[in-house]
Amino acid sequence: VKQRITKLIKSSKLGSGVLNRPFTVGVEGNIGSGKTTFLEHFKNHEDVHISAEPVDRWRNLNGHNLLGLLYQDPQKWSFTFQSYVQLTMLQNHLNKIEKPVNLMERSIFSARYCFVEKLSRDGILSPPSVAVIDSWFHWITTKMNVDVDLIVYLRTSPEVVYQRILKRNRPEEISISLDYIKSLHELHEDWLYHKRLHKCPAPVLIVDADLDKTKIKKEYQRWEPNILNKKF
Ligand code: DCP
């Protein structure tokens, strides 16, 4: 009976089987909210696999810096960029993980609900382009196993992350404005805090990520049992 159930579950969605999936945590938050620092904190934990965001791949696809192109000329390149983001996020979701917990930097969901949404509202992505990205998104999220079990929302204020972005000074991000960061903040808030507009794919754990690096460690430790699935 167990074998038949396993077969049924496996055939219901493409990708990794449901029974042997790790506890999958999506780490979300505005640009500069500290997702990388958060993942660093858990990197030596024996139960945890870290699926880092594929920014390096966005910066070098056969020699093309898609992230750089996006910021240089969003009108021209946002469809190319977001299509590739969707592919690389899907690949991250489908990675075979041997450890009990998979911590993922972002997910296919924030790409659609925050970034594509913003580009669409601003008229930078045209309606036909959004329709294509959406068709892929709908197919992927209904047919493939991109489930997450928990979302950690690194909640910040726009002013704080804006200062961090200025300080880290990534060449591609020089043109980012405070207004853009404020809009992305609102989109994250609508999705993960107010839970309106889009369906939340998992329960959300809210972490105060305005705290600086020394204080935030305590916040991580406080939530560690939830994040490592030792409490649910
Ligand atoms: N980006 C985008 N569209 C997406 C995902 C990311 O335009 N669907 C851009 C925004 C940033 C860069 O990619 O310029 C990386 O953004 P993230 O917020 O995902 O990663 P950070 O490195 O900024 O995270 P943190 O500072 O929280 O570690």
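Guide: Gladly! Let us start with H8, which passes H9 in a right-handed crossing. Helices here are DSSP runs of H or I with at least four residues, strands are runs of E with at least two, and both are numbered from the N terminus.

Visitor: And where do the values come from?

Guide: This is a predicted model, in which local features need pLDDT of at least 70 and side-chain atom pairs count only at pLDDT 80 or more, while totals for chains, interfaces and linings use all residues. Residues are numbered from 1 along each chain as its sequence is written, and side-chain values use heavy atoms, with hydrogens and water left out.

Visitor: What makes H8 and H9 oblique to each other?

Guide: Their packing angle is about 130°, with the axes 9 Å apart. Axes are lines fitted to C-alpha atoms, for helices over the stretch in contact, and angles between N-to-C directions run from 0 to 180 degrees. Under 35 degrees counts as roughly parallel, over 145 as roughly antiparallel, 65 to 115 as roughly perpendicular, and the rest as oblique. The pair H8 and H9 is therefore oblique.

Visitor: Which residues of H8 and H9 meet?

Guide: From H8 there are Pro 158, Glu 159, Val 161, Tyr 162 and Ile 165, and they meet Leu 178, Ile 181, Lys 182 and His 185 of H9. By class, this contact has six nonpolar, one polar and two charged residues. Contact means heavy atoms within 4.5 Å. As for the classes, Ala, Val, Leu, Ile, Met, Phe, Trp, Tyr, Cys and Pro count as nonpolar, Asp, Glu, Lys and Arg as charged, and the others, Gly among them, as polar.

Visitor: How do you know that the buried residues of H8 line one face of the helix?

Guide: The buried residues of H8, which spans residues 158–168, are Pro 158, Val 161, Tyr 162 and Ile 165. Seen down the helix axis, they fall within an arc of 105°, so they line one face of H8. That arc is taken over the directions from the helix axis to the C-beta atoms. As background, an α-helix has 3.6 residues a turn, so residues three or four places apart point the same way. Helix H9 (178–193) is included in what covers the buried residues of H8.

Visitor: Why is Leu 197 called exposed?

Guide: The scale is relative accessible area, with a 1.4 Å probe and protein chains only: under 20% is buried, over 50% is exposed, and in between is partly exposed. Leu 197 stands at 57%, so it counts as exposed. Thr 214, found in helix H10 (residues 213–227), is exposed too, because its value is 64%.

Visitor: Are Leu 39 and Phe 38 buried or exposed?

Guide: Leu 39 has 4% relative accessibility, so it counts as buried. Phe 38 has 0%, so it is buried as well. Setting aside neighbours within four places in sequence, the contacts of Leu 39 are Val 27, Ile 50, Ala 52, Leu 103 and Glu 105. On the same terms, Phe 38 is in contact with Val 27, Leu 103, Val 152, Leu 154, Tyr 220 and Ile 227.

Visitor: What makes H6 roughly antiparallel to H7?

Guide: Helix H6 (residues 108–121) and helix H7 (residues 127–143) pack at about 165°, with axes 12 Å apart. That angle makes H6 roughly antiparallel to H7. The contact of H6 with H7 has eight nonpolar, two polar and two charged residues. H6 passes H7 in a left-handed crossing.

Visitor: And why do H5 and H6 count as roughly antiparallel?

Guide: The axes of helix H5 (residues 74–94) and H6 come within 9 Å and cross at roughly 170°. H5 and H6 are therefore roughly antiparallel. Their contact has nine nonpolar, four polar and no charged residues.

Key. Left-handed = near helix turned anticlockwise from the far one by under 90°.
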